[in-house]
Structure formats: structure tokens, C-alpha cells
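Here is a short report on one protein model. Have a look at the structure first, then read on.

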Amino acid sequence: MILSWRISKEGFNPSSIELDGSRFLIANGYMGYRGTLEEFGKNELVACTVAGVYDRYDDKWRELVNVPNGLFVKVYYNNTLLSPMTFQDCAHIYGLDLKDAYYFRNTKFFVDKEKWIRIKTKRFASSTDYHLLCLEYSITANFDCEIEIETGIDCDIWEINGPHFKEMTFQNLDGIYVTHLITNEGKNLVVAETADHLVNFIDEECLRLYVRKSKVKLARDKEFKFYKYMCVTHSLEFENSFDEAIKRIIEAKNLGFDSLFEKHRSKWQERWSICDISIDGDEKATLALRFSMYHLLSIAPYHSEKLSIPARGLSGQMYKGAIFWDTEIFMLPFFSYTLPDVARNIVMYRVHTLDGARRKAKEYGYEGAFYAWESQETGDDACSLFNVTDVITQRPIRTYFRDKQIHISGDVVYGFFTYYNATGDFSIFLEGAAEAVFECAKFYYSYAYYKPLKDRFEILDVTGPDEYHERINNNAYTNRIAKFTFEKAIWLYDILKEKYPNILQEIDSKTCIFQYIEKIKETEQKIFLQKPNEEGIIEQFDGYLKLEDIEVEKLKEKMLHPYEYLGGGNGLATQTQVIKQADVVVLLNLFESEYEKEILKANWEYYNRRTEHGSTLSYSMYGLLAAKLGKLKDAYEYFLKTALIDLEGNYKQYVGNLYIGGTHPAANGGAWMAAVFGFGGIRSEETKVEIEPHLPTHWKSLKFNLTIHGNLFEFEISNNKILIKSTRLKDSKYKTYRIVANKREFIHKIGQLLEINLKGE
């Protein structure tokens, strides 16, 4: 069942447990709790994943930790567990309320033809105290009966590369059950849980399960309700995480579920008042966008600028809980133009991890900062050299994600300027971002190869966004993002030299930028960029157009296994023009203004036919560019594929034998960009906002808000007109903006209503 703010499912299918766990995730940026039933355990992939807390066990991959489940509840009737997994005759509804950000379930178990017992639950990850998960649990029967309730902390944890806790101890402090955990790397975590309104309980301690059991008599049609509060703290945040957990869980119990939920709900109303998008004429698209934004808002690092957003959000340990280029290129625009404080935390994470990027550059023999392909809390690279296993031979495949995807440093720089363009907040550069930009420019200078015969710099032996083609030369995207980094380093140097000479002097003491700036200027001028050929095609890399030109489906017919990896040294796609995901098309979206529309169109059509879309990143980039080109049928198709990825589960779960399930926040961000920048046609730069809408024909109007340089703009776009309302916020810098729409320019004063007729004067 799909409503404008609610997603629910009826019935129960065990095969959907994995997808539902991701789809119905609740999270608050500090931790994420998968959308599983309260009686489920590790076999059903229950997980509470804590942001920023990583651990390695033996020689396995280092990853985020999952903590014991303090919301665990089992209910028995006549020694039979009441669960859709074990009880065939039941009516089951469960899902998410997006507006108020809570998970719900309603399950009626028919214990015989006329008798039933119903379980209803509601749970949320608090948006006002990020350490709290709260559960309301209700049981009703239509006959007098006795049940047994088992609840506590389930310490049998689902882990991909664990076990991550070398020590686990338990305490019962007057009804508060506490699990104290120590990771293999020595980090301390505390999970505290309490449940009220449970009577006649019998305490029981096991090695893996710390529970209380309660026998409860249910009176006919009389609801029995209790509440559970789960608190997670850790030593990376608190000197005494144990006492902090106890204090917070007592406060939660004293405040009560309803009060906590009202505060949580109020915070989400505040977020939606800024972020919501509505489409008149397309309820499915509205719901898909709200679902996408819900997941982005759930996993944002509100509380810390030392955290960012992992590739699978907080839906589990997939991809090692690492931060990729996904965050800067696909997610950051949403936050920069809606919640700039969160965006600032995201970009400052890259400042805090600069030393890790320096260490990586030094490891490979380069200068400056080579940002991690898979970044964790220190910025050191978690990516292994053998990231994929051949499903046919079962041998590990040497991949070059870690050492050759050098575009990541330029992506980080691009992220700094995405934020700066949206907010005008130059302070990030004074607080470390300028230093990071200079170090990235130094890295590209040291990586580039000067070719005297052609008097140009080339970038050789890299892997571009495509990934199927490794160790290639002069990848169009990589070379352009490197040039962008040089351009911005020069721009920053000039500003700091003029306005902040003392800060520049301090930065030089760490970067030696005075010695490098002239070299950077020369490289920026002479770096080789792939130019369109006679047909207007930008060659993805040197020699790409000479590879075998084969249709994607014909190539895939040659696969011997459904999870076979197509890239790498011996992959089927390697010697063909079939690519994994958008590459040149990413370039054209990021640097659209540098190309004529005919060039954009020619490349979209050429690469679209040759792209496998083996990554969920790909659809949004093709949809975004298609919207800009007015290819509305294609744009809408790709937009829906992006926005519905997690709703419908249309994604790869394995690459080789590597599990890559979970949520897809980059696709969520891509859906927002496709709607606002694509269909809405928004371009923003300081005091100038350009609007060139391309609404799908069945959309009557598109409504959204943007925060630009401290001013809140409300846009309502239809095929006939554009309405713009604006409000000056506390950090606003400008009172007027130039609005360019329908090839006309308007001066818009903050606080006034601007109406632009798109059908003439």
C-alpha cells in the first residue's frame, strides 16, 4: 500500500526480509536500525549499526560495528512463538511513516478459527537524542489468555566480517539491562535497555542472550502495552560512556514514549518544512522522492563534523561502512541546498581526514593528498587490492579501485565548492578546506606526466568512474576534475594572498604551497582534455573508441554466472565499449556549461546505448542530463529507476560473491538532483538563479524549496508559470537576486513574490 507519506506492505514473504530490512530502516545519523520484526534475530539480518565506530577482526575487512539488539521482544502463546515466520495463519501489515519517521507493524495471529492475538508496534530513532531508540509494544486478544513475553538484549549479532567484540559483560541495574562491549581495537561501547510495565518477570542470563521473561494475563479486548528504550554510547564520544548511557536511559523512561515521540516528530516536521517536494499529477513520483529524502535525512551526520555518509548509509556493514565519492557528487547537493549546517559537517569530514589522504599519497610515492577510495574515520583507505572474487574460479581478482581511482581527490574538491556555491560560506576554506584543496592540487601535479613532444601534461594509468576499464590513460572525467582542482587552488591562493596573508603563510608551513603554485598554474594551462571528435563524441579515454562495439545484452549473454564480474583484467567488458556506469555523462553534468547542447546530446545517446548501469549511481546521471536536453521520456524513466531502487529492490545484491545489499543513498540524492536540477531546471551561482524547467507532460506542477546563501526560496513551477517566494534567514547575505527564466532576467527582492509567465509576456 502506498500513500503520499506512508509505505506499507501486507502479508509476509520470507524472501523479502533482506530488502525490507533496508527499505524500512529507521536512523538518526548516529545509528541505524534495520526494518525487521521485533522477534527476529541475526538470521533475519537484524542490525543496529553505529556511525563512525569501526573494527577489524583478524585479517578480515575493517567495517562499522553492529551492536546487540536492545529492542528484542518475543511473545509466546501455548509455547508457540507469535511470528509470521512460525505462525501461518496471520494478517500482517508493516511499513514506514515517512512524515514522522517511525516504523510500524500490526500482526493479528489467529490461534484458532475464532480466537486471535494482535501485536502492534511503533518505533523510532530519536532525532533529539541521537543515542536513543524507542519502542511501543501493544498486545491485545479477543479472549482471556496467558502469554509469555521474553525481552532484553539479544547479543547474537549479525556481522559480515566479525566477531567485533572481544569482551562482552552484563549488568542488571534495577531493571536497566546493560551490555558493556570492547572491540578488537579496544573501543568501548555500551548498550543499555529498559522495559516498563512488565510484571512477574524472571531474570535469565545466557552467554549470548540477556533477557527477562514475563507471564502476562490478557483480559479479553483489553490492550496490554509496554515501552522499551535502548541507548547506545561509546568511548569515541564520552569519557565515561557507561554512566552516560545510564543517565540517558533514565531520562528517557522519565520523559516517556509519547513525549519523546512528540519532540522527534516536531524535529522531522521542521526538516520537511524545508526539504519536502510535491508533484501535482504524479503521486508515485512524490512518494518516491519523499522516500529518497527520508533516507538521506535519516542518515545525515547532524551531531558531528567528523562523520560523513557511507555508501550504504547506516543499513549495515556493507562496503565496510566506507565513504566514497558518492557522498560529494550525489548526496551533498541535496544537503547544501536544503540543510547547509549538515552539508558543512559533511565537507568538514574531508578536512578532518586530510592526514589520512596525505598518508595515502606518500604510500604511493606522490605529493599532497590522495583521498581514500573507501574512507573510514581516519581517512586511511579501507579498500583492499583484491575487492572481488571470481565466482567461476573462486580466486580473488586484483582490482585497481584503491590505487588508480584518483578522481576521488578532485571529487572532494568539487564537494567543497558545491557547498560554497550554495551557501557562500568561505569559512570552510579558512578552517582547513583551502589546505585540502592545495594538497589535492599538489597530488595531481605529482601524478601528471609531462609530454615534451606535445608540450602537455597527461594523466596516465588510472581508472575512471566506469570501473570496468582499469589502468587506462587520459580518462576524460579524471583529467577535467584534476584541472578543476588546479583552477580552484589558484583561485583560493589569490584570495588568501590578498585578504588572509597570515592564514596563507600558516597553510604554506604545512603544504609548501609557495613552492608549488607556479607549477600548478603551468599544469592547469597545459593539462590534456579529451575534445569532441567530428561526430561530437568525447572519447572516454585514450583508445576507447577502438574497442569492440557490442550491445550490452549481447555481451551479457556470454556470462557463465549471474554474479560474474564484467570488469578487471579478464572481464567480458574489458575489451569492449560496454561500461559499468556513467563516466563521460558525469563529466557533462558537472561541467555542462562548457559544452554546446549538440555535444551533450550526441554523447548522451552514444554512451547510453553502451552503459550496463551496473551501479545504482548511473541512472540518475543519465536522467539528469536527459532532462536538461528535453528528452523527457528517457529522463522520467531514469528518474523513476533511481527513485524506486530501494522501494522496489531493483539492484544488484552481489558482485562476485561480495554482498552489496542495503540502502542506496547516492541514488536517493540522484533522484533529488534529477527532480530539482533536471526537471526543475535550477542553476545557482551566488546572486544568480537560472531556471529552465522541463516538466514531464503529466506533471501539472512541481513544488520545492532551496536555501541559497542564507535565503529560503519556495519554487512552484508549472508549464505556464513560475512562482518564487523568498524568506531572509539569519545567515542571509543578499537582499536581491537575478532570476533568469524563459530567456528573460528579473530582479527579485527577498520577501516579495515573483511570478514569471512562461508563455510570453
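Which residues does phenylalanine 416 touch, not counting residues up to four places away in sequence? They are Val347, Arg350, Val351, Ile428, Phe429, Ala433, Ala436 and Val437. Keep in mind that this model is predicted.

Phe416 belongs to the largest nonpolar core, which has 244 residues. Together with Phe639, Phe416 touches the most other members of that core. In soluble globular proteins, nonpolar side chains tend to be buried together.

## Aromatic pairs

The count of aromatic pairs comes to 67. One of them joins phenylalanine 417 and tryptophan 491. Their ring centres are 5.7 Å apart, and the planes make an angle of 70°. Angles over 60 degrees count as edge-to-face, so this pair is edge-to-face. Phenylalanine 417 lies in helix H9 (residues 407-423) and tryptophan 491 in helix H11 (residues 476-499), so the pair ties together parts 74 residues apart in sequence.

How accessible are the two partners, phenylalanine 417 and tryptophan 491? Phenylalanine 417 has a relative accessible area of 3%, so it counts as buried. Tryptophan 491 is at 31%, so it counts as partly exposed.

Tryptophan 491 also pairs with phenylalanine 426. Here the centres are 6.3 Å apart and the planes lie at 70°, so this pair is edge-to-face. Phenylalanine 426 sits in the loop between H9 and helix H10 (427-447), 65 residues from tryptophan 491. Phenylalanine 426 is buried, with a relative accessible area of 13%.

Ring pairs also build a cluster. Its members are Tyr414, Phe417, Tyr420, Phe426, Phe429, Phe484, Trp491, Tyr500 and Phe591.

## A charge over two rings

Over which rings does the charged end of lysine 122 sit? One is the ring of tyrosine 102, with the charged end 4.7 Å from its centre. The other is the ring of phenylalanine 261, at 3.7 Å from the ring centre.

## Helix H16

Helix H16 covers residues 597-608, twelve residues in all. At 1.5 Å a residue, H16 should span 16 Å. The C-alpha atoms at its ends are 16 Å apart, so the two values agree.

Which residues of H16 are buried? They are Ile599, Leu600, Ala602, Asn603, Trp604, Tyr606, Tyr607 and Asn608. Their cover includes helix H15 (584-590), helix H17 (618-628) and helix H18 (632-643).

Conventions:
Residues are numbered from 1 along each chain as its sequence is written. This is a predicted model: local features need pLDDT of at least 70, side-chain atom pairs count only at pLDDT 80 or more; totals for chains, interfaces and linings use all residues. Side-chain values use heavy atoms; hydrogens and water are left out. Helices (H or I, at least four residues) and strands (E, at least two) are DSSP runs, numbered from the N terminus. The expected span of a helix is 1.5 Å times one less than its number of residues. Buried means under 20% relative accessible area, exposed over 50%, partly exposed in between (1.4 Å probe, protein chains only). Contact means heavy atoms within 4.5 Å. A nonpolar core is a set of buried Ala, Val, Leu, Ile, Met, Phe, Trp, Tyr and Cys residues joined through side-chain atoms within 4.5 Å. Rings of Phe, Tyr and Trp (its six-membered ring) pair if their centres lie within 6.5 Å; planes under 30 degrees apart count as stacked, over 60 as edge-to-face and the rest as tilted. A charge sits over a ring if NZ of Lys or CZ of Arg is within 6 Å of the ring centre and within 35 degrees of the ring normal.
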